[in-house]
Amino acid sequence: MSISNKYQIEQHYIDIGKSRSGQKINKVRFVVSHDTGNNTADADDHYRYFNKNQEAVSAHTFIDAKKILEIVPLWEKAWHVQYNKPTDNQLFGADANDAAIGVELCRPGDFNESFDRYVWYHAYLCRKFNLNPQKDIVSHKKLDPSRRSDPVSWFQQHGVSWENFIYYVTDYYNRWHDEEEKTQQAFVQIQPESDSADGKLVRGEKGTNVQLLNQMLHTLEYTTKTDDLFDQYTEAALIAFQKDHGLPQDGIYTSAVGQEMLKAIAEKNNDKVTVEVDPLPAKAPEMVRLAKLIDTTNPELMNTLKEQGYIVIDLPKS
């Protein structure tokens, strides 16, 4: 299994209230690593607690031995470090609540399973927000040493130092980058499936078109999904993309959304992309999707595309 597909990220957001204000983060500058200090509550338990009690404290993500659960959107502020602590401003020029993602490690369950997800997710965040894993991750202990020792003290109980943790995150980050460099880029001109003759894709659909949509969202780091199911996670990722690009937030894929995705991927790769495919099959919709992480060495996927009349053009590696 590829590194990028190793874990699924779930989004189950708490309601707006004291724990989730809805205030926006202008720019994510760093990540704050926490552990919950609770020996019995898993990720779902924390979701239920914060959604019900709505105290003026929260974090974006809770990770246990079974899941990675985002309960506050990554584009919103969470309340995970006290404002009167100076170290975050000294290190990063901003308060953690205003400019950082807060990630909590849950204690119940197998530590190694939880820890690996925790490490992987930090690497994911560094890639998503263009952060340096060796400079832009800080412990809660570092920011509030008089009150907090997390997650360092929990690591130490399992024979792991903070330096070990950063090494593991950096290793995931580097291997993820190397893996992506080895994949080939391709343009894919897609014909609609029988139930998508209008060129739209909506929740509940399944097939090659949906798989390529997930690939695009994956490339833009809105999801870790690359399967062929348009489920609630695809919908949430698509809505997040639409929100970030000023599009109607309806969770429906259209040709207009596809063109915005194409431009976003081109910008991400620092490419100037002009798409010209002539002639198009009469049955093809007027949309082109760029799926950076299509594995063109996968004969099953490539044969499926070609058998269904898709046009595949290999591009040189960047």
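**Figure 1. Pro151 sits in the loop between α5 (140-143) and α6 (152-156).** Helices here are DSSP runs of H or I with at least four residues, strands are runs of E with at least two, and both are numbered from the N terminus. The peptide bond that leads from Asp150 into Pro151 is cis, and its omega is near -10 degrees. For context, most residues other than glycine have a negative phi, and most peptide bonds are trans. A word on the source: this is a predicted model, in which local features need pLDDT of at least 70 and side-chain atom pairs count only at pLDDT 80 or more, while totals for chains, interfaces and linings use all residues. Residues are numbered from 1 along each chain as its sequence is written, and side-chain values use heavy atoms, with hydrogens and water left out.

**Figure 2. Gln54 and Asn130 each have a positive phi.** Gln54, in the loop between α1 (43-53) and β3 (61-63), has phi near 50 degrees. Asn130, in the loop between α4 (111-128) and β6 (137-139), has phi near 55 degrees. Gln54 is buried, with a relative accessible area of 15%, whereas Asn130 is exposed at 68%. Buried means under 20% relative accessible area, exposed over 50%, and partly exposed in between, using a 1.4 Å probe and protein chains only.

**Figure 3. Helix α8 (residues 208-219) packs against α9 at an angle of about 50 degrees, their axes 11 Å apart.** That makes α8 oblique to α9. The contact (heavy atoms within 4.5 Å) brings together Leu213, Asn214 and Leu217 of α8 with Thr234, Ala237, Leu238 and Phe241 of α9. These residues divide into 5 nonpolar, 2 polar and no charged. Here Ala, Val, Leu, Ile, Met, Phe, Trp, Tyr, Cys and Pro count as nonpolar, Asp, Glu, Lys and Arg as charged, and the others, Gly among them, as polar. Axes are lines fitted to C-alpha atoms, for helices over the stretch in contact, and angles run from 0 to 180 degrees between N-to-C directions. Angles under 35 degrees count as roughly parallel, over 145 as roughly antiparallel, 65 to 115 as roughly perpendicular and the rest as oblique.

Figure 4. Gln242 belongs to the helix spanning residues 232-244. Beyond its neighbours within four places in sequence, Gln242 touches several residues, including Leu247, Pro248, Ile252 and Val257.
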